[in-house]
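Colleague: I would like to go through this model feature by feature. Please give the general idea each time, then the case at hand.

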Amino acid sequence: MGPPHARCILSALSTQPALFFVPETSLKALFGEFFAIAKPYWKSAERHGAWLLLAVIVGLNLFQVYLSVLFNHWNNAFYNALQNKQLDVFWHQLLVFSGLAAASIATAVYQYYLNQMLQIRWRRWMTDQFLERWMDNQAYYRIQLKGQASDNPDQRIADDTRLFISYSLSLGLGLMSSVVTLVSFVAILWGLSGTLMVAGYAIPGYMVWVALIYAIVGSYLVQFFGKPLIHLNFNQQRYEADFRFSMARLRENTEAVAFYGGEKDETGHFRERFSQVFANWWAIMKRQKVLIWFQSGYNQLAIIFPVLAAAPRYFSGAIQLGGLMQTASAFGQVQGSMSWFVGAYTDFAEWRATVQRLSQFRRALALAGAEGGELNFGSSTASALTAEIAEVRLPDGALLHPAISLTLARGDRVLLTGPSGAGKSTLLRVLAGIWPYARGSIHMPLGTHALFLPQKPYLPVGTLKDVLIYPERERSFDDAELRAALTDCGLGELAPHLQETAPWHLQLSLGEQQRLAFARALLLQPDWLFLDEASSALDEAAEAQLYGLLTARLANSGILSVGHRSSLAALHGKIISLANLRQDPPAVTEESALHASVPHDAPAGAGIYQPAPAFSPLSDKA
């Protein structure tokens, strides 16, 4: 039977991967997409340097074509000197060749160097633009809510931009060089060809017509054989990115997988992902094999074909050996220029796939910024945070919350409870402004700011100090203040390690990460603090101690918590149960909630959270 991974790959090969075909794009639409992606850079603040670099590169490219013309004339003189045994002319032509070769080498070096310089400058600008659009208005989050609308944005920003720029420059400059070479050599070939008599008909410049027919046939056949590569290359980039992402995801969740003993399942998942890479690559190999068979035969025939075509004039004495070699060289330049598409087709197929992937990503970013409800944020002169939410929906359009009204005053301690899946966390997402499927308005007192603590805190890559003050790295904090916050939150053993860089998200347990999040809140001093199961991994004593710190250190801050533990009730001044709201919305008041679950000595607050009169049962989806 063979090993499991072999069977997995063979199975994938037998069925072929499920191809994620992009819609067939016409050349007009393709170049429209290309210009939409490329044009902003050439109109940006960096345009002057970019245009200057491009002009120099084009100039070097044209100079290289000019050197090709000089080499063509050199062929005539050099081979005639050989045929006529002219030793002095032979040595002179060797000196001429040395000068032409030196100029060609220097031109090629600086053409490559400046091309690379333009590529990295363009890539830096383009990467920055995509990153800005990806991060703007939480587009990175909204795209994920839509699932696979645009897969692997990291790969598109990191790899597709590089390929887009590299292929665009190489194909564009190659096409320009081919056109200039064609214009430069077609007159030479026409003059060298003479006239060919066929069945009594005179065909002037017959070598030019032969080169044209040869190139047309070759271009048609390469398109016929190579067209499937466009879709295959598109999918290969996706499968490669999916495979890398699956391994990166394991790296981010090593402890959880280790606890589950999920190595076998993860390995099977990796093999399944790689089987798609393998099978699609195999399909590319088979298609490229056919294409290379044709291209190699086409190119080999192009070497001898002009000699055969010009041989009758050479053997008739109409031209010498130098003329024959010059004619063959000129034919090669003309035929090569006309057949540019034949040699560049593989790169063209990859470029086309890359343009379509970036264009798809641009559309996904635009939709992420435009879609969703009408949630307006503003500042007010009032002292309380107010939210009037007309409705909250799920990504599929299903109604989650019909209407909600919230007032949270400074100093309030409000606990929001309810069964799992009632939509409490989604409500916090609305208040944070990251849930695009909501209508309404949220007003925050002028000059105040909010902080949200999720159940699993985010610990960025960096020093422990960077992790602790995230996302306010630009603010100045005294190290003694940071150490005190860690100690107060039960992480005193970490205090000496503020300047150390480590994978803190792996080294710290979830409970320690939640303690660190509380320390972050104490340091950042938000006016409004929202906690979503932020103490779920802590024991009740630690939970009470940390909430006590919030009460003492953030006395003027409004706090809204989401949680299921009954112990949280004693730590808040108001409790609002979504389950009770579903049963009888009008009967739920501040007093009934307080008497139901708040001890008499709990601190008082003015926060009121109540539904609109038309409140209906909530969805069981979070």
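Modeller: Start with strand pairing: two strands count as paired if DSSP finds at least two bridges between them. The model here is predicted. In E8, the bridge partner of Ile389 is Gly440.

Colleague: In which sense do strand E4 and E8 pair, parallel or antiparallel, and over how many bridges?

Modeller: Strand E4 (residues 384-393) pairs with E8 in the antiparallel sense, and six bridges are found. E8 (residues 438-445) is also joined to strand E3 (residues 375-380) by six bridges, and that pair runs parallel. Gly440 in E8 stands opposite Leu375.

Colleague: Which strands form the open sheet, and in what order?

Modeller: The order is E9-E10-E11-E7-E12, five strands with parallel pairing. Strand E9 (450-453) and strand E12 (574-577) are the edges, each pairing on one side only. From one strand to the next the twist averages 15°. Phe530 stands opposite Leu560 of E11.

Colleague: What should I keep in mind about side chains in such a sheet?

Modeller: In a regular strand, side chains alternate between the two faces of the sheet.

Colleague: Which strands does helix H18 lie across, and at what angle does it run to E10?

Modeller: The angle is taken between N-to-C directions and goes from 0 to 180 degrees. Helix H18 (residues 540-553) lies across strand E7 (413-417), E10 and E11, and its angle to E10 is about 170°. Helix H17 (residues 510-524) lies across E9 and E10, at about 175° to E9.

Colleague: Now the core. Which residues of the largest nonpolar core touch the most other members?

Modeller: A nonpolar core is a set of buried nonpolar residues of listed types, joined through side-chain atoms within 4.5 Å. The largest one here has 51 residues, and Leu118, Trp122, Met126, Phe164 and Trp351 touch the most other members. Helix H12 (residues 340-370) gives the most to this core, with 12 residues. Apart from it lies another core, of 42 residues, including Trp504, Tyr547, Leu554 and Ile559.

Colleague: What does Trp122 touch, leaving out its sequence neighbours up to four places away?

Modeller: Trp122 touches Ala38, Tyr41, Trp42, Phe164, Ile165 and Leu169.

Colleague: Why does Val392 count as buried?

Modeller: The cut-off for buried is under 20% relative accessible area. Val392 has 0% relative accessibility, so it counts as buried. Val392 lies in strand E4. Among the residues it touches are Leu399, His401, Val430, Trp435 and Tyr437. Val392 and Tyr437 are 45 residues apart along the chain, yet their C-alpha atoms are separated by 6.0 Å.

Colleague: What about backbone geometry?

Modeller: Most residues other than glycine have a negative phi, and most peptide bonds are trans. Lys85 has a positive phi, near 55°, and is found in the loop between H3 and helix H4 (87-135). With 74% relative accessibility, Lys85 counts as exposed. Gln525 also has a positive phi, of about 50°, and is found in the loop between H17 and E10. Gln525 is at 38% relative accessibility and therefore counts as partly exposed.

Colleague: Which kind of peptide bond runs from Tyr470 to Pro471, cis or trans?

Modeller: That bond is cis, with omega near 5°. Pro471 lies in the loop between helix H14 (464-469) and helix H15 (479-488).

Colleague: How many helices and strands does the chain have?

Modeller: The chain has 20 helices and 13 strands. Of its 622 residues, 44% count as buried. Among contacts between residues at least 6 apart in sequence, 81% join residues at least 24 apart.

Notes
Residues numbered from 1 in each chain as written. Predicted model: local features only at pLDDT ≥ 70, side-chain atom pairs only at ≥ 80, totals over all residues. Heavy atoms only, no water. Buried < 20%, exposed > 50% of the residue type's maximum accessible area, 1.4 Å probe, protein only. Helix = DSSP H or I, 4+ residues; strand = E, 2+ residues; numbered from the N terminus. Contact = heavy atoms within 4.5 Å.
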